[in-house]
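Please keep the sequence and the structure in view while reading the points below.

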Amino acid sequence: MITRFSIVTLILFFISTIFVIQSLSFHVSVPLLGRRKVTIGLMTAPIMAIAILWASQCLGATQIRNGIVGTDNIKPYNILILFISLAYMAITLDVTGILQAAAFWVSNKGGSSGRKLYFYFYLLLTVISMIVGNDPVILSGTVFLVYYTAATGLHPDAWLISEFAAANTASMVLFVGNPTNVVICEGFRINNAAFTAYTILPFIACSIACYLALILQYRDEKHVPRKLNVSSQLNPRDVLRDPVSAIFGSLWLATCLIVVIVLSFFHVDVWKVVLPFAGGKFIFDICWDHYRYTTGKISQFNQDKSDDIEAVDPMATAIRRAMSDDIRRNNTMKSFNDTLVHHDTGTPEHFSPTPPVVADSWAESSTKKSSNSSNTMDQFAPPTSKPGDGSTAISAQNVLGHDSRCDSPTQTSHIPRSPSPPPLKGPPPLSSPIKFFPKLWHRLCLQRKKLAAHFPTFFTALPRLPFGLIPFAFSQFILIEALEHQGWINIFARWLIIASGKQMMPVIWLVGIFGVILCNISGTNIGATILLTKIIRASDFSESTARAAAVSLAVASNIGAVSFTFSASLAGLLWVAILKDKGITIKQWKFAMWNALPLFAMTGVGLGVVSAMMAVLY
């Protein structure tokens with residue numbers, strides 16, 4: 001029965017998703033702290049909705065507990081432990097530069113053929129995303145393509161949209177590729193190996209359909225030219241910062257995935273396998289960095305120089321050095337240098353807009369390799385902000401909500417420090433100096449810098465871990481529990497039963513199409529997956545129909561990220577934040593327009609393959 005409490009619950013649920021899609025920011029004056037920016041968005045809106053619902057007695061402590069501990073075999077804390085552990089192993093692997101080195105190698109294979117290079121990049125990003133998930137690809141792949149397209153004078157839209165589509169489509173293959181996959185496996189009790197068996201054919205079909213759609217809509221020469229005006233060869237070794245860690249990390253992650261798949265047949269909780277592997281990788285990182293630090297393989301911490309060290313992004317340095325002739329010939333020096341300057345984006349504070357940091361030793365190695373071409377390099381040095389122009393750089397840590405005054409040599413933005421601008425009239429800056437315990441604050445910052453210099457791998461990976469996923473995911477689980485408590489899940493399940501007649505084929509298409517739509521309006525694909533999982537389970541379908549619905553949802557929740565709003569996935573919000581920081585603005589309408597054809601193609605082909613599979617199996 002629908003009551004006033006159930007109506008309020010549904011309204012607040014959708015209001016919170018509106019703020020997830022489009023955050024609202026404003027400034028407030030706080031005594032002693034000055035003006036501060038307050039954002040109602042992904043991190044805060046769901047939590048505020050929960051607080052209001054609890055205060056209005058629309059939900060109680062039981063629903064909050066169920067949203068954390070879990071019900072119906074869905075255990076939120078298990079899912080988050082698993083995902084954070086896998087993210088640590090994937091991100092520390094990315095820190096070694098292995099993904100950037102792979103991108104360099106592929107760019108050399110593509111040569112001057114635009115179409116061949118476009119296909120090779122799509123194939124590379126697809127393969128990497130299948131193994132490590134989409135976040136490392138978004139972090140490193142986006143920045144590489146920004147640099148590469150700027151240096152070669154290519155229009156970036158086609159290349160960036162292709163990267164985004166490839167990364168999100170490929171994440172449906174392994175159950176660890178996306179948090180939504182884990183929710184589906186837990187909710188429908190699908191074996192991890194069986195999940196891959198169910199999704200591999202839809203993935204192949206979706207990936208091919210997506211590439212063909214991209215080639216069709218970017219057939220114009222201005223997007224993907226047949227011939228590129230490049231003759232340079234990029235050296236992958238220039239960005240492979242730590243070969244030992246790269247080899248160990250690759251083998252360690254592969255071993256972890258194999259063990260997880262094997263033990264899944266014995267019904268062992270996945271997080272109990274992945275967490276020890278993440279702990280082992282952490283121990284290796286600490287021990288290896290300590291060895292490098294004590295043997296002088298990485299530079300020692302120098303307190304006197306810590307505030308003036310310019311950390312160099314080896315990827316930008318290598319591209320600029322290797323392609324200096326191409327940059328001059330294409331007259332793209334200004335556009336390339338513009339990508340090296342951080343832009344004030346106003347992006348959500350929980351996202352890092354750039355792959356953070358490189359250790360000083362890595363920067364020094366790149367500098368030493370390029371010493372023989374220093375004259376050429378000077379011509380392409382990135383510009384610095386002029387005093388008083390208000391364009392001071394923001395670092396990745398600032399966007400994460402981390403105070404830049406604690407930035408370490410290994411976590412400094414790769415952009416040269418701008419001269420200090422003169423005092424500006426008007427309201428005080430948002431990041432006013434700390435007034436409480438300045439000596440203690442200074443000591444803590446100094447200690448952090450020392451630790452970051454000693455253990456660069458961990459302190460580089462730490463701000464890139466998706467900790468923002470934890471409160472967001474828990475809040476989504478709690479809000480769905482509130483909807484169930486007020487009877488909405490049963491109502492939606494009844495609608496699904498009426499619309500499908502409990503027949504398998506209609507269920508596949510209804511779940512798939514509504515899954516894609518809900519990714520845009522239900523607080524990312526995570527919220528959509530949790531909601532639809534609850535609805536399908538409440539519909540009391542036969543085992544075969546429920547399994548078909550689960551596979552359809554797996555396809556929809558992944559391709560749904562390649563959708564009409566950036567907030568359809570966390571990867572989309574991260575991707576657009578990186579681009580804004582690099583000075584590239586892709587409007588919401590353009591994002592939707594470029595994704596429309598690939599999305600329609602993948603939805604039709606993917607659900608068609610799922611229907612054919614289920615017709616054969618059942």
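The chain exposes about 25,600 Å², and carbon and sulfur atoms supply 65% of that area; accessible areas come from the Shrake-Rupley method with a 1.4 Å probe, and for residues only the protein chains shown count as cover. The model is predicted: local features need pLDDT of at least 70 and side-chain atom pairs count only at pLDDT 80 or more, while totals for chains, interfaces and linings use all residues. Residues are numbered from 1 along each chain as its sequence is written, and side-chain values use heavy atoms, with hydrogens and water left out.

**Overall architecture**

- The secondary structure comes to 27 helices and 2 strands, where helices (H or I, at least four residues) and strands (E, at least two) are DSSP runs numbered from the N terminus.
- Of the 618 residues in the chain, 57% are buried; buried means under 20% relative accessible area, exposed means over 50%, and partly exposed lies in between (1.4 Å probe, protein chains only).
- Among contacts (heavy atoms within 4.5 Å) with a separation of 6 or more, 84% join residues 24 or more positions apart.

**Nonpolar cores**

- A nonpolar core is a set of buried Ala, Val, Leu, Ile, Met, Phe, Trp, Tyr and Cys residues joined through side-chain atoms within 4.5 Å.
- The largest nonpolar core has 154 residues, and those with the most contacts inside it are F144, Y148, W159, I319 and W575.
- Helix α7 (residues 134-152) gives the most to this core, with 11 residues.
- A second, separate core of 10 residues includes Y88, V95, A452 and A461.
- When neighbours within four places in sequence are left aside, the contacts of F144 include F104, F121, L234, M315 and I319.
- In soluble globular proteins, nonpolar side chains tend to be buried together.

**Salt bridges**

- The count comes to 9 salt bridges, each defined as a side-chain nitrogen of Lys or Arg within 4 Å of a carboxyl oxygen of Asp or Glu.
- K590 and D157 meet through their side chains in a salt bridge (3.7 Å, N to O).
- This pair links distant parts of the chain, since K590 lies in helix α27 (residues 588-617) and D157 in helix α8 (residues 156-170), 433 residues apart.
- K590 is partly exposed, with a relative accessible area of 24%, whereas D157 is buried, with a value of 5%.
- R292 forms a salt bridge with D289, and their closest N and O atoms are 2.6 Å apart.
- Because R292 and D289 are 3 residues apart in helix α12 (residues 271-294), about one helical turn separates them.
- R292 is buried at 4% relative accessible area, and D289 is also buried, at 1%.
- A network of salt bridges links D242, D289 and R292.
- R226 forms a salt bridge with E221, with 3.7 Å between the closest N and O atoms; R226 is exposed at 56% relative accessible area, while E221 is partly exposed at 40%.

**A nonpolar patch on the surface**

- L24, F26, V28, V30, L32, L33 and V38 form a nonpolar patch on the surface, with about 510 Å² of accessible area together.
- Patches are made of residues with over 30% relative accessible area and no salt bridge, with like charges joined within 9 Å and nonpolar side chains (Val, Leu, Ile, Met, Phe, Trp, Tyr) within 5 Å.
- Strand β1 (residues 24-30) contributes the largest share of the patch, 4 residues.
- L33 is found in the loop between β1 and β2 (34-40), and L33 is partly exposed, with a relative accessible area of 34%.
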